[in-house]
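Reader: Could you take me carefully through one part of this protein, beginning with a single residue and working outwards to the helix that holds it and to whatever packs around that helix?

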Amino acid sequence: MKELSYRMTLTLLGQEKCFGPGPMQLLRGVEQSGSLHQSAASMGMSYSKAWKILQGLEQEWGTPLLERHTGGKRGGGSALTQEAKLLLAEYEAMLAEVSACAEASFASHFGPEFWSRFLG
């Protein structure tokens with residue numbers, strides 16, 4: 001084995017898990033499609049599970065993350081609140097910074113020199 005990689009997950013914690021890769025993808029999907037249902041479906045997730053995740057997030061953060069528009073002739077939909085947009089922006093910025101640091105650390109510890117030391 002001479003190829004190594006790593007995996008890292010960034011999860012924000014409050015009283016419970018309050019944000020991470022799954023909720024980020026769910027909210028980005030709502031932003032793109034205008035629909036929680038469509039976002040959940042694109043992730044292979046049931047609408048009821050997405051709804052529970054969203055309710056948990058809103059409870060943890062203490063604010064709505066989606067503006068919901070009820071159906072009618074043109075149908076309903078959802079849009080991100082300003083708070084959700086800020087949360088996504090800051091989470092993604094932190095993720096980029098942490099990823100860059102992790103990549104540099106991985107390279108310094110497990111780069112080509114590692115194998116020459118490890119295998120003698």
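Author: At 2% relative accessibility, Tyr91 counts as buried, a word that here means under 20% relative accessible area, with exposed meaning over 50% and partly exposed anything in between (1.4 Å probe, protein chains only). This is a predicted model, in which local features need pLDDT of at least 70 and side-chain atom pairs count only at pLDDT 80 or more, while totals for chains, interfaces and linings use all residues. Residues are numbered from 1 along each chain as its sequence is written, and side-chain values use heavy atoms, with hydrogens and water left out.

Tyr91 belongs to helix α4; helices (H or I, at least four residues) and strands (E, at least two) are DSSP runs, numbered from the N terminus. Setting aside residues up to four places away in sequence, Tyr91 touches Leu10, Leu12, Phe19, Gly20, Pro21 and Met24, where contact means heavy atoms within 4.5 Å. By contrast, Gln55, which is 36 residues from Tyr91 in sequence, has its C-alpha 19 Å from that of Tyr91.

Leu87, which also lies in helix α4, is buried with a relative accessible area of 11%. Beyond its neighbours within four places in sequence, Leu87 is in contact with Phe19, Trp61 and Leu65, and Phe19 is likewise among the residues that Tyr91 touches. His69, 18 residues from Leu87 along the chain, has its C-alpha 21 Å from that of Leu87.

The helix itself, α4 (82-110), has 29 residues that should span 42 Å at 1.5 Å a residue, and its end C-alpha atoms are 41 Å apart, which agrees; the expected span is 1.5 Å times one less than the number of residues. Its buried residues are Ala84, Leu87, Leu88, Tyr91, Ala102 and Phe106, and what covers them includes β1 (12-13), β2, α1, α3 and β4 (77-80).

Two of those covering helices deserve a look in turn. In α1, which has 13 residues and reaches 18 Å between its end C-alpha atoms, close to the 18 Å expected, Pro23, Met24, Leu26, Leu27, Gly29 and Val30 are buried; their cover includes β2, α2, α3, β3, β4 and α4. Just after α1, Gly34 takes a positive phi of about 75°. Ser39, in helix α2, is buried at 1% relative accessibility, and apart from its neighbours within four places in sequence it is in contact with Gln25, Leu26, Gly29, Val30 and Ser33.

In α3, the buried residues are Ala50, Leu54, Leu57 and Glu58. They cover an arc of only 95° around the axis, the arc being that of the directions from the helix axis to the C-beta atoms, which puts them on the same side of α3. Lys52 and Gln59, on the other side of α3, are exposed, whereas the buried residues pack against β2 (17-19), α1, α2 and β3 (66-69).

Of its 19 residues, Phe19, Leu27, Leu36, Leu66 and Leu80 touch the most other members, and α1 (21-33), α2 (36-42), α3 (47-61) and α4 each supply at least two residues. In soluble globular proteins, nonpolar side chains tend to be buried together.

For the setting as a whole, the elements run β-β-α-α-α-β-β-α-α from the N terminus on. The radius of gyration, taken over C-alpha atoms, is 19 Å, well over the 14 Å that the globule rule (2.2 Å times the number of residues to the power 0.38) gives for 120 residues, so the protein is more spread out than a compact globule. The C-alpha trace spans about 70 × 25 × 20 Å along its principal axes, and 28% of the 120 residues count as buried.

Definitions and conventions
A nonpolar core is a set of buried Ala, Val, Leu, Ile, Met, Phe, Trp, Tyr and Cys residues joined through side-chain atoms within 4.5 Å.
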